[in-house]
Each structure stands twice: as structure tokens, then as C-alpha cells.
Amino acid sequence: MSVGGYRPGRRLGPLMVITWLYVLWSLLPVLIAVRISFNSGKSRSSFQSTSMRWYWEDPASVWRDQALQTALSNTLKLAVLTMVLAVPIGVAMAIGLQRWRGRASRAANNLMLLPLVTPEIVIGVALFLVFTQIYSSIPRGFTTQLLGHVTFTLSYVVVIVRGRLLSIGGQFEEAARDLGATRMQALRLVLLPQLGPAIFASFMVVFATSVDDFVISSFLSTGASSETVPIKIYASARAAATPAVNAVATVMLVVTLAIVAVGGLAIWAYRRNQGATLGSAAAATGIGG
Amino acid sequence: MAIPGTLWLVALFVIPAYAILAVAFGDIDPILRTTAPAWSPLAWSGSTMVDTLGRVFGGDLGKVFVRTGLYAAAALAGCCLIGYPVAYFTARRAGRSRGLVLGLLVLPFWISYLMRMLAWVNLLQPDGYVNAILSALHLGARDHNWLDGDWPTVVIGLIYGYVPFFILPLYAALERLDERLIEASRDLGASSFSTFLRVTLPLSVPGLMAASVIVLLPMCGDYYTNTYLTGGSPRTEMVGNQIEFFLRGSSQPQSGASLVIILMAFLLVAMGYYLVVIARTQREGRS
């Protein structure tokens with residue numbers, strides 16, 4: 001830090017060094033883990049030579065190991081179905097909370113915020129107990145995991161969409177109503193298209209959050225048939241693990257980054273089309289995760 | 001339109017939360033030793049709760065609570081030391097590279113938490129890169145096993161896991177700071193260091209507190225970071241491990257449920273303190 005006339009970004013100050021060292025520290029280990037997934041040997045700590053052994057050659061590879069296949073498909077199914085359920089319910093809830101005034105609305109609003117500040121283990125225990133003690137007719141495993149994932153991602157959707165609703169304001173819908181549109185038409189033809197970026201952002205955040213979740217999936221898992229990739233990674237601490245664990249983690253990383261890239265592109269294209277009129281959806285993409 | 005979402009949260013958040021209370025204050029079937037939840041508050045019995053409280057205050061679980069608090073405090077201190085300069089630089093000094101830095105700071109959000117831990121498990125193996133670097137620098141034994149229940153491994157793991165969630169809210173707070181106040185301080189003759197100490201830092205306290213709460217809440221309920229990084233060593237056991245054990249490893253859900261309530265009580269005290277501080281700074285800001 002200099003006295004007077006600091007030009008941002010020009011000089012190599014200690015803060016800049018710390019920041020770039022941090023970025024390196026936060027990302028380099030993951031890159032090494034990705035590299036190890038291409039190891040030709042059995043070691044997870046040192047690299048021999050590049051091969052696809054742990055992706056499809058070895059009997060214990062991602063492609064051949066039945067348990068890893070199950071975990072991968074469970075994780076993806078869970079994430080996609082969570083998106084399909086949480087995003088529409090969350091969008092409707094955000095619109096509803098925006099219009100519905102009164103004490104019940106405030107209560108519903110506070111209720112919606114609670115899962116965001118509740119430690120995951122508490123949600124996990126609560127769901128575990130309720131599915132074993134009350135809703136015991138629901139088959140445990142995948143179905144209960146799905147219900148759990150929707151519950152804790154719903155609030156992210158509401159928060160993201162509501163931010164966008166606030167920046168849009170009510171005037172467009174009012175104009176549509178004045179021009180003779182019904183309530184449903186105004187919603188479908190005017191409001192929903194404007195919510196585009198927030199909806200894409202919600203899809204991205206819900207997918208990444210569901211794919212990342214360990215605690216809730218694990219509390220509601222019933223064994224091998226309902227294991228997910230995070231559960232598999234976690235279990236590798238005790239078993240004699242191979243780079244196949246790195247490989248399955250890498251596959252999930254690539255899928256997540258691809259979804260995020262597609263979502264980001266969709267938002268970018270949308271805003272270009274709209275001439276970047278309203279609000280900032282980019283801000284919304286940074287909210288969850 | 002908010003009705004489906006609200007009903008969903010009532011059915012799958014409120015009722016489950018109540019189930020924790022009903023199980024914690026419920027009875028234990030005298031013959032089957034299974035739990036019998038008490039759904040009506042009139043039927044609540046405090047025996048399990050008294051039992052668990054006795055184990056927390058002065059019993060074997062007390063040590064676990066203290067350890068959880070120490071780990072969380074040490075990791076929070078680490079988050080502040082690393083996170084503050086990074087957030088400060090990105091928000092106020094990065095200039096044209098801000099977009100790039102911000103993108104790199106957000107990147108860990110899209111990488112699964114357990115994959116980031118897996119990366120460290122790879123590095124910290126006895127024959128891994130960390131030991132190779134340390135021995136090349138003559139700083140440690142070549143074959144030290146970091147994954148055998150060392151507390152520094154757990155604390156560093158927690159910092160690594162949670163610091164991205166700390167930096168982003170702090171960045172948002174620092175970015176919103178009123179530039180005019182900082183300029184005024186400089187114009188009135190304060191050095192840039194004393195401006196930071198007497199203007200920027202006090203103004204960023206609410207953001208710092210918010211960021212701290214955001215990482216403290218999940219860290220106090222964490223059980224997978226320490227288990228994963230130490231192979232489940234009892235020397236690094238945290239409260240979350242006990243909760244998980246009571247519910248899944250043994251058939252004592254009522255003890256697990258009462259432990260959850262005790263943990264939440266501790267966290268609510270911390271949250272209450274946070275809200276008091278925020279209210280106070282807002283009052284001062286207005287006067």
C-alpha cells in the first residue's frame with residue numbers, strides 16, 4: 001500500500017500477491033486431483049503416466065464398476081429431477097410472495113429463508129426422523145433424497161427470482177393488463193419471459209447444489225442402491241481407493257461446469273436479445289452455490 | 001401461487017423440525033428400546049434431554065463440544081486472515097482485472113466440496129506432494145502421515161472448504177463502501193494505513209460479521225471434513241460426528257435429536273449476538 005496516488009491494478013502490491021497466491025491455492029489442488037484421474041498406476045498421490053485406465057479400461061474404472069455407475073446415474077437423476085421440481089415451485093412461490101401481502105405472507109417469507117441459515121446436518125436429521133417416524137410409507141432411498149434436495153434448494157430459487165422481480169417492477173404487467181390481457185396472459189407473455197435469466201440462474205444453482213450435496217443424500221441413503229458420487233468419494237477415505245474415485249469426481253466436475261457454461265451462455269444470449277434492458281442476472285448467478 | 005411452495009416447506013421443513021423436538025422429548029420403549037416420539041407437547045418427557053445435557057456439561061460430550069468450538073474458531077480466524085485481504089483487493093484495488101479475479105473466486109462454488117477435500121487427501125498422502133515439498137525444503141519428515149488424526153489438517157481443511165463462502169459476502173460489503181468517506185479521511189491528512197484502520201475496517205464490520213456467520217453455522221455442524229481428512233480418527237471428533245453416530249450408527253435417535261437441539265441453542269446464541277451487533281452499528285450509522 002502506497003501513500004497517495006495508488007493506481008489500481010498497476011503495481012504489484014502485497015495484497016495482489018496474497019490474492020493471486022490464494023487463487024492458486026484454491027484451484028491447484030483440484031487440478032492435481034484431475035490430473036491424477038488420468039494416472040496409469042494405482043497411486044493417488046504420485047503420477048506415473050497418462051492413461052484412461054480409470055475411466056474405462058480397468059475393471060474398477062468409472063465405466064466398468066457397477067457401484068460407480070449407479071452412483072453417477074443416481075447423482076444426475078437426482079439433480080435433474082430436483083431442477084424440474086424446485087424451479088417451477090420456487091418461481092411460483094417468488095411471484096406469489098411478491099403479490100400476496102399481509103401477515104401470512106411475511107410468515108411464509110420467513111419460513112422460506114430459514115433453510116438457508118439452518119446447518120445441513122439439522123435438515124438431514126430432521127428429514128431422517130420424519131421419514132422414519134411419520135412419512136414411513138414413502139419408500140426410503142431415492143424418493144426421499146429427491147424430496148430432501150427439493151426442500152433445501154427451493155429457497156435459493158425464491159431468493160434469485162425475487163431479486164429479479166424487484167428489479168423488473170410491476171409496470172410491464174400493469175401495461176399488459178391495461179391493454180386487455182388477462183391475469184394469466186400477462187403472467188405468461190410478459191412476466192415469465194422477463195424472468196428468463198433468473199430462471200436459468202436458478203437451474204444452474206439448483207443443479208450444482210444438488211450434485212454437491214453430501215449430508216442430506218447420506219442421511220436418507222439406504223445403501224448401495226441410493227449412493228451418490230459425493231457419498232462414494234466420502235466412502236473412499238476408508239476403503240483402499242484407486243484413481244477411479246478421482247475419475248468419477250472429474251466426470252461430475254466436467255458435467256457441472258458444462259451446465260454452468262450453458263446456463264451462462266443462455267443468460268448472455270438472452271441479454272443480448274433484450275438489448276440488456278433490465279436488471280442484472282449476472283449478480284443472481286453469484287448468489288447460491 | 002406461493003401456496004405449493006409454502007405447503008412443501010411446512011410438510012418437509014417445519015414438520016421435520018418438530019419431529020426433532022418430538023423425538024428428543026419422547027420416550028423410549030422399555031422393551032424394544034426403540035424411540036417413541038411424543039407428538040403432543042403435553043406428553044414431553046425431559047429425561048433424555050437431561051441425560052444428554054449431563055454428558056455435555058461435565059461429561060464425555062463436553063470435550064467434543066469444546067473441540068468443535070476450537071476448530072470452528074481457528075478456521076474462522078484463518079478465513080479472516082486469508083479472506084479479508086483477498087476480498088479487499090478484489091473489491092477496491094483490482095482495477096481492470098476485477099472481473100477475472102471475481103470469476104476465479106466464484107469457481108470453487110461450482111466444484112463439489114468433497115472433490116475439493118479429495119484433492120487434499122491426494123496431496124497429503126504419506127508419499128504425496130506436500131511431504132515431497134516439505135522434505136525438499138528440509139521442513140519435515142519424509143513420511144509423516146497427515147491423515148492420521150492431526151488437528152491442523154482438519155483446521156486447514158475447514159479453511160480450504162469454507163473460505164470461498166466467506167470471501168464473497170465480504171467482497172460484496174467492501175465493494176459497497178462509500179468511497180467519499182475514504183477520500184475524506186485521506187484529504188484530512190490520514191495515511192492510507194490509518195485510513196484503513198480507522199475508516200475502512202470499522203465500516204466493514206457488518207460485512208465481516210455476516211461472512212463469519214455464513215461459515216460458522218455449517219462449520220459447527222460439519223462432520224464429514226474431519227472424518228474424511230483423518231480416516232474417522234476419534235481424536236478429531238466433532239459434535240456432528242456424535243449426532244451422525246446416534247442416528248445412523250446406533251439406535252439412539254433420541255440422544256441425537258437432543259444433541260441437535262443443544263447445538264442449535266449454542267448457534268442461536270451466536271446468531272443473537274450477531275443481530276445485536278448489526279442493530280447497534282445501524283443505530284450508530286444513523287446518529
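Buried residues make up 44% of the 289 residues in chain A, where a residue is called buried if 20 or more other C-beta atoms lie within 10 Å of its own, exposed if 12 or fewer do, and partly exposed in between, with C-beta atoms placed from the backbone. In chain B, 43% of the 287 residues count as buried. The model is a predicted one, in which local features need pLDDT of at least 70 and side-chain atom pairs count only at pLDDT 80 or more, while totals for chains, interfaces and linings use all residues. Residues are numbered from 1 along each chain as its sequence is written, and chains are lettered from A and ligands numbered from 1 in the order in which they are written.

## The two chains

Chain A has 13 helices and zero strands, and from the N terminus on its elements run α-α-α-α-α-α-α-α-α-α-α-α-α. Chain B comes to 13 helices and two strands; helices (H or I, at least four residues) and strands (E, at least two) are DSSP runs, numbered from the N terminus. Two residues are taken to be in contact if their C-beta atoms, placed from the backbone, lie within 7 Å. Among the contacts with a separation of 6 or more, residues 24 or more positions apart account for 76% in chain A and for 66% in chain B.

| Chain | Span of the C-alpha trace along its principal axes |
|---|---|
| Chain A | about 70 × 70 × 35 Å |
| Chain B | about 75 × 60 × 45 Å |

## Domains

The domain bounds come from an automatic or database domain assignment. For chain A this assignment gives domain 1 (12–51) and domain 2 (59–285), and the centres of these two domains of chain A, taken over C-alpha atoms, are separated by 29 Å. Seven residues of domain 1 of chain A are in contact with seven residues of domain 2 of chain A. On the side of domain 1 of chain A that touches domain 2 of chain A, the residues divide into three nonpolar, two polar and two charged; here Ala, Val, Leu, Ile, Met, Phe, Trp, Tyr, Cys and Pro count as nonpolar, Asp, Glu, Lys and Arg as charged, and the others, Gly among them, as polar.

For chain B the assignment gives domain 1 (1–45) and domain 2 (62–286), with 32 Å between the centres of the two domains of chain B, taken over C-alpha atoms. Their contact takes eight residues from domain 1 of chain B and seven residues from domain 2 of chain B. Helix α1 (residues 3–24) of chain B supplies three residues, the largest share of the side of domain 1 of chain B that touches domain 2 of chain B, and that side divides by class into four nonpolar, three polar and one charged residues.

The contact between the chains takes 68 residues from chain A and 73 residues from chain B. On the side of chain A that touches chain B, α1(A) gives the most, with 13 residues, and by class this side of chain A has 51 nonpolar, 13 polar and four charged residues.

Leaving aside its neighbours within four places in sequence, B:I20 is in contact with A:V125, A:A126 and A:L129 of chain A and with B:A257, B:V260 and B:I261 of chain B.

Helix α9 (residues 196–212) of chain A packs against helix α12 (residues 244–273) of chain A at an angle of about 170°, with their axes 9 Å apart; axes are lines fitted to C-alpha atoms, for helices over the stretch in contact, and angles run from 0 to 180 degrees between N-to-C directions. α9(A) is therefore roughly antiparallel to α12(A), given that angles under 35 degrees count as roughly parallel, over 145 as roughly antiparallel, 65 to 115 as roughly perpendicular and the rest as oblique. By class, the contact of α9(A) with α12(A) has 14 nonpolar, three polar and one charged residues.

A:A175 is found in helix α7 (residues 171–178) of chain A, and A:A175 counts as exposed because it has 12 C-beta neighbours inside 10 Å. The C-alpha atoms of A:A175 and A:W20, which are 155 residues apart along the chain, are separated by 49 Å.
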